[in-house]
Amino acid sequence: MLEVSGLSKRFGHFPAVSAVSFTLRKGEILGLIGPNGSGKSTTFNLIAGAMRPSSGSIRFEGTEIGGLPAHRICRMGLARTFQIPRPFRRLSLMENVMLAANYGNSGTLAKSDAQRRAERALDMVGLPAADGIEGLGAAALKKLELARALATGPRLLLADESLGGLDHAEMEHAALMLETIRTKLGITIVWVEHIMGLLMRIVDRVIVLDHGEKIFEGLPEAAAKDARVTEIYLGHGRRG
Ligand code: ADP
Ligand code: MG
């Protein structure tokens, strides 16, 4: 479904992502982990079209998408969430998700259709459509972020730090939600997180980035035993 090959991004001379390659099968949940600053969000930005790669190729369902604008990639069926949710504060919850539904469908949806899609997405993440946007806490904002991505109608979802800022019960809930999105909606997922914890129980495979380089790819159980991975995560607590 997704083939990333030799993907690199430099900011000036700084290599944020260096020759990263991986493939993703339809229906998979792939975990992408690594300490803060290891290039996870940049990888998402490159795949989703928010940034142009310095080099390398990204093929989505057989089509090269590297360097295409974000709206075109979204309309092809590839949606992403942002690590830091920034909803439109002047719009209602429902309007925010309707806007996303329209964004994913080239602005061509009838209002009733956008409404239906938004309702379905909000229902999926368990956010009451009537809730006000002002009082949303961290967990609700993460749900809204997911609902906006789902409303675009993706086949592939890139979820960036869906657990950030949540308490333990909320994290459990959010992790199960990603699993449900995969099983119920059949959406393939790449899930970025800087902590291993919960993610390791849900994902089929995991890739570990460090300083922009892929240092591990394999099963979660193998990652937990890998010397370089454990050095980062369990070593001396020096990073992440
Ligand atoms: P992660 O999501 O793994 O925490 P990022 O991909 O956000 O890491 O960042 C990787 C590195 O690239 C960091 O050192 C970060 O400071 C740098 N970086 C990210 N975005 C930019 C940017 N727009 N301009 C310059 N440097 C950036
Ligand atoms: Mg990040």
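I began with strand β1 (residues 2-11), which pairs with β2 in the antiparallel sense over seven bridges. Pairing here requires at least two bridges found by DSSP between two strands. Strands (E, at least two residues) and helices (H or I, at least four) are DSSP runs, numbered from the N terminus. Within this pair, Val-4 stands opposite Phe-22 in β2.

The model is predicted: local features need pLDDT of at least 70, side-chain atom pairs count only at pLDDT 80 or more, and totals for chains, interfaces and linings use all residues. Residues are numbered from 1 along each chain as its sequence is written, ligands are numbered from 1 in the order in which they are written, and side-chain values use heavy atoms, without hydrogens and water.

I then looked up the whole sheet. It is open, has four strands in the order β2-β1-β4-β5, and its pairing is antiparallel. β2 (14-24) and β5 (63-64) each have a single partner strand, so one side of each lacks a neighbour in the sheet.

Next I checked the magnesium ion (ligand 2). Its protein donors (N, O and S atoms within 2.8 Å of the metal, or 3.2 Å for Na, K and Ca; water is not among the atoms, so sites may look incomplete) are Ser-41 (OG) and Gln-83 (OE1), at 2.1 to 2.3 Å. Ser-41 is in helix α1 and Gln-83 in the loop between β6 (78-80) and α3 (93-103), 42 residues apart. How exposed is Ser-41? Its relative accessibility is 23%, so Ser-41 counts as partly exposed, between buried (under 20% relative accessible area) and exposed (over 50%), with a 1.4 Å probe and protein chains only. Gln-83, at 31%, also counts as partly exposed.
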